[in-house]
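Hi,

Here is the structure I promised to pass on.

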Amino acid sequence: MGKIIAIVEDDPDQLGNYTDALSRYGYQVNGYQSRADALRAFDQRLPDLAILDIMLGNETDAGFDLCRELQARNSQLPIIFLTSRSDEIDRISGLRLGACDYQTKPVSLAFLGERVQALFRLIENRNSTPDHRKQLGELTIDDNNIGIYWMGRPVACTYTEFNIIKSLVDHIATRGASYDELSNMTRQGIVESNTINTHILHLRKKFRQIDPDFNCIKSVYGFGYRWACS
Amino acid sequence: MIRRTAGKTRLGSKLVLFSLILLIIPWLGYQYIREMTHFLVEGQEKAQLLAAEAIATVLRERTDLFSLGDDVSASLLENTALYAYPLNGNVIIDGYFGDWGELIKKTRHYGDESVIFSRQDTLPDSVSFDLVMGIHGDYLYAAVHVIDDRIVYRHPAYRRLDNSDHLRLILVSPEGENQHLVLTTEGSGTISAYQVQDNWKYALDGRAVSGILGIWQEHSHGYDVEFRIPLALLGKDRRFMLRVADVDDVHQRQVTTEIGSLPSQWSKELNHIIIRSPDIERILSGLEHADSRLWIVDRHRRVRAEVGAIDEDDEESNTHTDRISPGLIQAALEGEAGAQRRSVNGSDIITVTHPIYAGTNVIGAVMLEKGVRELVAMQWGAFQKVAILTILAMLSIAIGFALYSMRLSWRIRTLSRETIAAIDDEGRVTADTIQAQSTVDDGLGDLSRSITDMLQRLNRYTGFLENIPRTLRHEIKNPLNVISTSLQNLAANVPAVIDNPYMESAERGITRLDRIMINLTEAASMEDSLRSDEQSRFDVDKLVREYVASCIHTQTHHQFDYQGPPQGIIISGVSYRIEQLLDKLIDNAVGLSPDGSTIVVQLRTQGAMAILSVINEGPGLPEQVLGSGFDTMWSSRSSVDDSPHLGIGLYIVQTIARHHKGYLKAENCDDGRNVRFSVYLSRDRVSHDVS
């Protein structure tokens, strides 16, 4: 393997914990405690994947700056934000900058490892043929590339959103996917229904950019959501 | 919320009250005019005294002008004086008095009190006469108006002169002898004058007295006689008396009544003909003034000259100076100048007197009278001017005040409007700068700038408070993450600890802490999130119905009962926020009620509001909770369970309800056995059409 992961986190304890956890997966993990340190290292060599905290020391938006920097050098570089900032505006900003995912603390190390693996797998499979495609009406789910297509056009969604759509489709035969089930898809410790609502809201918007009449994600009030195109 | 009405009116009425102080100005003006008038009257009095003194100086040493009757006693003279007014030469002896002009008004009446002799027992009310005398050239003129019910003329057959109506004259000749004259006639026309014996019966020489000319004219009540006699017939004392003898019976021809020109008790005396000195009047004529009158009085208080007139009605003062001011005249004749004010017909008259000296002896007095009508007119004019000016000033000041107060209250209103708008209903600062009045350099400008300053400080503080949850989250989540990831790493490195109960309890602690943080930030960022939500119209009945149906699966420890409206209720809002609101309400109800109990969810309409109620069994809420308004993160639950509450749930419900133009209300019902939380939501106006 020998993939290089850069972790930028100002708290040495958390940095150590991330490093230990990801090292167990066999990755080479480089930890940096400040933006300057990280930038110096990136000048030498770019990592294969970056995990960034947003607040570094006194610099409140240092993570965003680093993300921009990395995107400028390699737009294909997968970036995961790992932060205590759970505000909607930060989440949107992070994803807009081209990050693959946005995780809020406290994180599940197991899920982090899984996510990193998935991202590497995605890069490897990027140019491969779409073998693992699943078709449902106008919806196409590409497991290998972690891609969603509607009416043949790609829907730019995050890994979490991808998982949510998958969960909805998996529960198509039942009452729908419950909030708890959808929460598991986000792989975070505790997820309020409201967080799910926000994800659904964004997904609907993304589908509607392609098809203004999109109306396949239905609310099951007090329970969750259901995929039903009718 | 904010009482705005009081301040405005109070400011206006204060200014009006304040402007009432202006009413003191006319009062001050009136006081000033009074003072001024008083001062002017005193000034006039002094000026009058000076004038009187000047006149007295002119007449000083002129004993020749005061020579008449010096030896006659004053008291006698007072009662016997008959004034002969200077005539202007127009008087024609014709028996008609029209040519006497104004003088005819100055006649004196002689009646009952002047009876000398009467044959009848009863008073001769049938006879009386009026007399006025004048002087022109060398003649003394007299106009006699006799009231007589029966006129008996002289019959030429009789030699006696007293057997018809006639006039009798007694005079003292220059030689000092008493002479008796009878003026009689045989009919209207020229009278004849005869010198008669003392008994009035026969003429002394049968010859008419030359120089006496008179005309007798009959009128409806009697007769008028106008005659003149040469002054040469009178001595230097000019003593004289006129009597009217009345004969009523043509056959008996006896004098029945005789009336004289003196009161009855003085009938033995003679009148003094007082001739006002033309010499003095000539001297004084230059001093004549409108509304002023000047008298020269001799030692016997006889008016020797008179110039000017104050008032035509003021007849009594013509001859009787003593009636005006006996004290003043007396004082002047004793050598003391004096002044006096009196009121006639409502206007003040100032009288001053000054003695006239010849050597050290007082030979007479000057009396000068002047009305203050000019002053009064001046006072009135001044008062009018002051009044008009005051009214104009007050009006302009009042208008100025009104405009000023209007402008002031307008300025206060704009400032108040902007200040109120600067903080919204939730107490959030929406604008940290007040534009109104901010550039004005006065108290209101200062206030506006102070409010701006205050708002900015409040805004900073609010911002600080709003950021507390975020800061707290950041500060807590990082160590929480350290613990969480450390535990995970520990479990991975030392698999033996995975099943350790301490490990499990540590993880539960982390979970609970995380949930608290999520709830805190959820509440804090609620408003921001709500603002970015997209509104849509949806059927809230369908939503709640579906939600309660789901609850039956998710909340297995409680029964649920939904009581919905007969038809759908369309509202404008955000459906998943209503869902979130229901989450909190149901969560709250589940927490408050015992397991196995039924939670009732009701939805109904009331006017423009849709009311969503959640009723659960449980102990009643305390009063302070019912009235709290859920603005704080209150919690009535003290027990520790898996989900932290802190009242955040109800705070979120309240916030969402407000965002839907509604509110949250809590009440105890069914005698405190049940608790009801009701959310009032604003209904869509076109709901009937849609449903």
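Let's start with a helix pair: H2(B) and H7(B) are roughly antiparallel to each other. Angles over 145 degrees count as roughly antiparallel, those under 35 as roughly parallel, 65 to 115 as roughly perpendicular, and the rest as oblique. Helices (H or I, at least four residues) and strands (E, at least two) are DSSP runs, numbered from the N terminus.

Some housekeeping before going on. This is a predicted model, where local features need pLDDT of at least 70 and side-chain atom pairs count only at pLDDT 80 or more, while totals for chains, interfaces and linings use all residues. Residues are numbered from 1 along each chain as its sequence is written, and chains are lettered from A and ligands numbered from 1 in the order in which they are written.

Back to that pair. H2(B) covers residues 24–58 and H7(B) covers residues 373–422; their axes come within 10 Å and cross at roughly 160 degrees. Residues making the contact include B:Ile25, B:Tyr30 and B:Leu40 of H2(B), and B:Leu375, B:Phe383 and B:Thr390 of H7(B). Contact here says that two C-beta atoms, placed from the backbone, lie within 7 Å.

As for chain B overall, it has 15 helices and 27 strands. Of its 691 residues, 32% are buried, where buried stands for 20 or more other C-beta atoms within 10 Å of a residue's own, exposed for 12 or fewer, and partly exposed for anything in between, with C-beta atoms placed from the backbone. Among contacts in chain B with a separation of 6 or more, 64% are between residues 24 or more positions apart.

Helix H12 of chain B (residues 575–592) is worth a look too. From first C-alpha to last, its 18 residues reach 26 Å, close to the 26 Å expected at 1.5 Å a residue; the expected span is 1.5 Å times one less than the number of residues. H12(B) is largely enclosed by the rest of the structure, because 14 of its 18 residues are buried.

Most residues other than glycine have a negative phi, and most peptide bonds are trans. B:Trp200, though, has a positive phi near 65 degrees. B:Trp200 sits in the loop between strands E9 (192–196) and E10 (203–208) of chain B, and is partly exposed, with 19 other C-beta atoms within 10 Å. B:Arg253 also has a positive phi, about 55 degrees; you'll find it in the loop between strands E13 (239–247) and E14 (255–260) of chain B. B:Arg253 has 16 other C-beta atoms within 10 Å, so it is partly exposed. In chain A, a cis peptide bond joins A:Lys105 and A:Pro106, with omega about -5 degrees. A:Pro106 belongs to the loop between strand E5 (101–104) and H5 of chain A.

H5(A) (residues 109–124) also holds A:Val116. That valine counts as buried, because it has 22 C-beta neighbours inside 10 Å. Leaving out neighbours within four places in sequence, A:Val116 is in contact with A:Ile5, A:Leu22 and A:Leu49.

Chain A as a whole has eight helices and 12 strands, and 42% of its 230 residues are buried. Its mean pLDDT is 85, and 93% of its residues reach 70 or more; pLDDT is the predictor's confidence in each residue, from 0 to 100. Confidence in chain A is highest in strand E1 (residues 4–8), at 94, and lowest in helix H4 (residues 88–96), at a mean of 79.

How many residues does each chain bring to the contact? Chain A gives 28 and chain B gives 34. On the chain A side, H1, helix H8 (193–210) and strand E11 (217–220) each supply at least two residues. H1(A) has the largest share of that side, with seven residues.

H1(A) (residues 12–24) and H8(B) (residues 443–493) have axes that come within 9 Å and cross at roughly 30 degrees, which means that H1(A) is roughly parallel to H8(B). Their crossing is left-handed. Among the residues in that contact are A:Asp13, A:Tyr18 and A:Arg24 of H1(A), and B:Asn478, B:Thr485 and B:Ala492 of H8(B).

Cheers

Technical notes: Axes fitted to C-alpha atoms, helices over the stretch in contact; angles between N-to-C directions. Left-handed = near helix turned anticlockwise from the far one by under 90°.
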